[in-house]
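Please view the sequence and the model together while reading.

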Amino acid sequence: MMISGVALYFYTKILLEKEIEEELYSNKARIERILAQEGEFIDFESILQVKKVQHQEAEQLQDTLIYDPSQNEIELFRQLSGTKIINGTNYKITVRAMIIESEDILYAIVFTFFTIIFLAFIFLFYLNKSRNEKLWKPFFTNLTKLKNFSVRSDKPLQLVDSEVLEFHELHKELKILTSKIQTDYKNLKQFTEDVSHEMQTPLAIMQAKIDTVINDGEINETQFQQFSSLQSDISRLKQLNKKLILLAKIEKDQFTTNEVISLNKLINDTVLNFKELFSIDFLIEENATINVKMDFSLATVLCNNLLSNAVKHNFNNQSIDIKIFDRKLQVINAGEEMLSRPDQVFERFYKESRQKESTGLGLSIVKKICDYYHFVPTYSFETVHYSKKNRGRHIFQIDFSAYKD
Amino acid sequence: MKYLIAEDEKDLQFSIAKYLNSDANICETASDYLEASEKLELYEYDLVVLDLNLVTGSGLDLLKRLKKQKRKCGVIIISANNSLDNKLEGLDLGADDYITKPFHLAELNSRIKAVLRRGQFGGDDSITFQEIRLDTLARSAYVNDKPISLTRKEYDLLLFFITNQGRVLSKAIIAEHLWGDDSDLLDNFDFIYVHINNLRKKLTKEGAKYIQTAYGSGYKFIAD
């Protein structure tokens with residue numbers, strides 16, 4: 001654009017100069033003819049001058065500045081002067097023509113150029129925009145779909161096909177990729193469940209055999225202790241299996257029988273059960289009534305796991321506080337210090353201490369259930385200063401307010 | 001009583017049969033679908049212990065057939081799959097109870113006895129062991145026809161003991177029977193000790209000393 005602008009500038013300039021020169025020559029020739037015919041010529045101020053001279057002069061083409069009183073400025077003129085002998089007299093003929101100033105040309109060109117560029121730009125911009133919109137539409141539609149895509153969902157990714165080859169290929173590959181991911185994910189989930197189920201039978205055999213051995217007699221006390229401990233290991237495996245299967249089932253969306261459950265009642269029932277098993281005080285503080293619509297067995301698991309976690313990690317056999325307020329449930333147990341990795345407390349197999357025999361799945365099941373129903377579980381630790389015995393409190397809270405029917 | 005154990009795992013089948021046999025019951029076994037269905041066609045059983053996943057067919061089909069023929073036979077399903085659907089389906093089809101692997105033989109035994117007790121299988125509402133009598137409908141216990149007051153757990157415990165008389169029961173087995181899944185919350189089973197001790201005291205007061213300690217930490221309910 002710049003180059004063509006510069007080129008155009010010079011080209012126009014040269015063209016104009018040539019034109020002016022031609023005009024000068026032809027004017028000169030005309031004057032000569034008039035002189036030859038009429039013998040005299042009236043001068044046109046500045047433009048045409050005829051003078052009688054003694055000597056011959058060579059023909060000369062040059063630029064000259066002449067003051068133009070009408071415009072009150074000095075204008076650039078192109079001037080052609082030459083002598084000619086006409087009817088024996090030596091005349092010097094000077095013809096001048098006003099030159100269009102290069103600045104003017106430049107301005108004209110620049111202005112024209114910019115106007116054209118500007119118009120072209122606007123035109124192209126809108127043209128491009130509308131074209132691109134049309135062209136990229138399938139891409140952006142698919143992008144949105146991709147963003148909303150979840151591996152967990154059973155629905156395959158439904159992408160919009162496009163005539164554009166690249167998009168078509170992208171679309172094809174994405175489809176293959178996502179369906180493969182989904183299948184893999186499904187297989188993995190199925191695998192967990194299958195393994196857990198397959199383990200049940202060998203465990204049953206082991207347990208039955210231990211039962212048989214114990215009842216066969218002929219064993220001593222130490223052996224009985226060992227068999228008993230084997231049995232408790234088996235039962236740990238059984239619990240682990242059960243929890244894994246439960247997790248898999250929640251993920252597979254197999255809990256659809258929702259009913260309205262009074263959380264207050266459920267908590268009280270759970271506490272009643274726990275009181276039979278533990279000699280710990282449970283203090284329930286009910287400042288609100290929470291009813292949620294969810295699967296009953298999952299609600300039971302939720303309360304059980306929260307409370308059992310509190311009992312398991314309770315410090316010094318202190319009382320466990322349960323608070324129900326607003327749309328929140330808090331289970332609080334005494335603890336020595338803040339967990340070292342509080343952000344991971346709801347992760348699978350996260351264990352703070354090695355001593356406790358826990359599967360490490362209880363809280364992750366809580367989290368899964370919460371996620372499933374859009375409850376918000378949080379963990380926080382509160383340091384207690386006024387008591388020496390009680391150094392702090394672990395607070396597990398579930399916020400039901402985000403939940404909607 | 002005559003039982004059929006339809007279970008494709010030979011080891012498990014053998015252990016169950018052995019455990020149940022010691023109560024002077026007759027235990028027959030079937031290792032696959034065909035054998036089980038053949039035996040069910042040919043013989044009468046008081047109770048079938050039915051594995052849902054038999055190698056050559058589904059236990060549910062056997063159950064359907066049994067119920068179609070209106071056979072007077074209790075059914076306890078044992079399954080490796082503890083999904084609720086499976087359980088409900090089994091119970092809907094007419095199974096009397098459902099137990100998930102792995103289980104304690106004592107637990108299975110107590111479930112079997114409970115099923116048999118429920119009238120229609122020729123059972124009795126009362127269980128007698130020496131001078132002790134339990135009324136399973138009223139959930140009350142008598143020693144020499146004199147009622148003794150037991151807590152709910154103590155009654156369950158006594159019933160469990162009598163059902164599994166002569167067998168060694170570890171605290172874990174007892175805890176699992178009394179509290180089910182909640183029992184895995186317990187770090188130790190000292191808690192059981194309190195209940196057993198209370199029951200023992202109450203029985204001993206009436207002169208019934210049958211709860212014996214076995215191998216230091218287990219229990220056995222046995223007539224001297």
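Across which strands of chain B does helix 6 of chain B lie? Helix 6 (residues 152-163) of chain B lies across strand 8, strand 9 and strand 10 (140-143) of chain B. This is a predicted model, in which local features need pLDDT of at least 70 and side-chain atom pairs count only at pLDDT 80 or more, while totals for chains, interfaces and linings use all residues. Residues are numbered from 1 along each chain as its sequence is written, and chains are lettered from A and ligands numbered from 1 in the order in which they are written.

- Helices (H or I, at least four residues) and strands (E, at least two) are DSSP runs, numbered from the N terminus.
- In chain B, four strands form an open antiparallel sheet in the order 8-9-10-11; strands pair if DSSP finds at least two bridges between them.
- Strand 8 (126-129) and strand 11 (146-148) of chain B are at the edges with a single partner strand each, so one side of each has no neighbour in the sheet.
- Strand 8 and strand 9 (residues 132-135) of chain B run antiparallel and are joined by four bridges, and Ile127(B) has Leu134(B) as its bridge partner in strand 9.
- Helix 6 of chain B runs at about 115° to strand 9 of chain B (axes are lines fitted to C-alpha atoms, for helices over the stretch in contact; angles run from 0 to 180 degrees between N-to-C directions).

**Contact between the chains**
- Chain B contributes 34 residues and chain A 32 residues, contact meaning C-beta atoms, placed from the backbone, within 7 Å.
- On the side of chain B that touches chain A, helix 1 of chain B gives the largest share, six residues.

Terms used. Two residues are in contact if their C-beta atoms, placed from the backbone, lie within 7 Å.
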